[in-house]
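Hi,

Here is the structure I promised to pass on. Have a look at it first, and then read my notes below.

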Amino acid sequence: MSSVKVLIIDDEPSICKALQIALKTEGYEVDTAFSGKEGIKKFKMILPDIVILDLRLPDLDGIKVMESIKAIDKNTIFILITAYGDTKTAVEAVKKGAYDFITKPFDLDELKISIKKALKERALLEENSVLKSLQGKSVFITKDKELLNIFSQLKNISNTDCPILIEGETGTGKEVMAKMIHESSERRTKPFIPINCSAIPANLFESELFGHEKNAFTGASERKKGLIELADGGTLFLDEVGELPLELQAKLLRFLEEKAIRRVGGLNYIPVDVRIISATNRNLKEEIERGNFRRDLYYRLCVVNFKIPPLRERKEDILLISEHFLKVFNTQFNKNIKGFTEKAKEILLNYSWPGNVRELRNIIERAVIIARGEYITEKELPLEMRGSVDDIVLEKYPKTDVIPLEELEKYHIKLALEKTGGNISKAAKLLGISRFALQRRMKKYFESD
């Protein structure tokens, strides 16, 4: 984890020196400045976490110095040093965003306690703003022997920092597995930050991952920490890493090699300590041969490799997971559905599940919402799960020979995915559309069921 940087701004060299020695023994990186202007200049250079600021400086008012720095980074922690008669001014400064003030002559222990409390409070605020996933343990429901064998290995692997690559089709539970690894590790009290590499536009990639300084580009009205920096001390989950364009792969590789980031528009490198877990629905070895993925990046990411089988290959899990989601949505929608009819179970077991567990979850959620009896029947399941496109026409459109285009498109996407064993690239080729276009349609249909 990167060490905490402290900047002391005080016109008395003896005070600066005493504070610098005391705080360095606590493990902080400490720099000093003897005037307001010098302090603002040094702040821009070193980007400290904490500023210890004397309210009375020879060139600038201390509150104005604080306001100038807050305009650069509003999250900077300020602890003010005040003379006895400046207490009223110090209270006003706290109202404007200072964390605390200490009156001269001050107790070094009191200052150290104030710094530790401020850092703890800020860490909690940052973690709460980016994490919702720490409210409960992640659960991967399975009877599959291959997966159970993987989970038996997780405990030993979780407490190492070796990079892990998880392979599997869309919707198989790659992020759930990554969260389980994080929650089993010594980093579990720190952030778990997921990044969907396919969802970040190329022109925003650097800013989103590495952050940016104020005025680094048009619209950058203040400094912003990137997702990598927010994951410091925790786990960074790179989902669909195989979707990254080559030029962005190079930038990611540099971070992995240097273990440091530089914000867009910044001058300094900031060390970041994160555990890397990646996931992909592509065969990255094949992508390397095609020239679409960097070999050196692959070996950086794939020290340990896990593969999650698609749902259609683990039939024993289908009803088990369905029952789990039934309990979840019974509670959520205040219902008391007891289970599934035999016909409904048969349909669930015989369906190909191109959207895997994610699709199953959405279908059970919808079934629970519309069910009126004690059991979910075949009538609560989507028509395309029950038969061919001809069956859909006969049951849903008896008075017309025209099927809505969306219905046909959805059916043919499922058919193509079934014929290609869930291979998105091959299915897209069968359908005569791009891989990206197919993924967009899959998200539209399978996540809205």
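Ile-181 sits in helix H7, which covers residues 174-183. This is a predicted model, by the way. Ile-181 has a relative accessible area of 0%, so it counts as buried. What does Ile-181 touch once its neighbours within four places in sequence are left aside? The contacts are Leu-154, Ser-158, Ile-164, Ile-166, Arg-275, Ile-277 and Phe-306. One of these, Ser-158, is 23 residues away along the chain, and its C-alpha atom is 5.3 Å from that of Ile-181.

Thr-32 is another buried one, at 11% relative accessible area. You'll find Thr-32 in strand S2, residues 29-33. Not counting residues up to four places away in sequence, Thr-32 is in touch with Leu-7, Ile-8, Cys-16, Gln-20, Glu-38 and Lys-42.

Now the overall picture. The protein has 449 residues, and 49% of them count as buried. I get 19 helices and 16 strands, and the C-alpha trace spans about 85 × 50 × 45 Å along its principal axes. If you take the contacts with a separation of 6 or more, 70% of them are between residues 24 or more positions apart. The exposed surface comes to about 22700 Å², with carbon and sulfur atoms supplying 51% of it. On charges, there are 73 positive and 69 negative side chains, and the centres of the two sets are 1 Å apart.

Next, the aromatics. How many aromatic pairs does a search of the whole structure find? It finds six. Take Phe-192 and Phe-237: their ring centres are 5.9 Å apart and their planes are at 20 degrees, so this pair is stacked. The two come from distant parts of the chain, with Phe-192 in strand S7 (residues 192-196) and Phe-237 in strand S10 (residues 235-239), 45 residues apart. Phe-192 is buried at 2% relative accessible area, and Phe-237 is buried at 0%.

Phe-329 and Phe-333 make a stacked pair too, at 6.0 Å centre to centre and with 20 degrees between the planes. Are these two buried or exposed? Phe-329 is buried, at 0% relative accessibility, whereas Phe-333 is partly exposed, at 28%. Together with Phe-325, Phe-329 and Phe-333 form one aromatic cluster.

While you're in that stretch of sequence, have a look at His-324, which lies in helix H13. His-324 is partly exposed, with a relative accessible area of 32%.

H14 runs over residues 342-350, and its buried residues are Ala-344, Ile-347 and Leu-348. Looking down the axis of H14, these fall within an arc of 100 degrees, so they line one face of the helix. An α-helix has 3.6 residues a turn, so residues three or four places apart point the same way. On the other side of H14 you have Glu-342 and Asn-350, which are exposed.

Just after H18 comes Gly-432, with a positive phi of about 75 degrees.

That's what I have for now.

Cheers

Technical notes:
Residues are numbered from 1 along each chain as its sequence is written. This is a predicted model: local features need pLDDT of at least 70, side-chain atom pairs count only at pLDDT 80 or more; totals for chains, interfaces and linings use all residues. Side-chain values use heavy atoms; hydrogens and water are left out. Buried means under 20% relative accessible area, exposed over 50%, partly exposed in between (1.4 Å probe, protein chains only). Helices (H or I, at least four residues) and strands (E, at least two) are DSSP runs, numbered from the N terminus. The arc is that of the directions from the helix axis to the C-beta atoms. Contact means heavy atoms within 4.5 Å. Accessible areas come from the Shrake-Rupley method with a 1.4 Å probe; for residues, only the protein chains shown count as cover. Lys and Arg count as positive and Asp and Glu as negative; His and the chain ends are not counted. The place of a charge is taken as NZ of Lys, CZ of Arg, CG of Asp or CD of Glu. Rings of Phe, Tyr and Trp (its six-membered ring) pair if their centres lie within 6.5 Å; planes under 30 degrees apart count as stacked, over 60 as edge-to-face and the rest as tilted.
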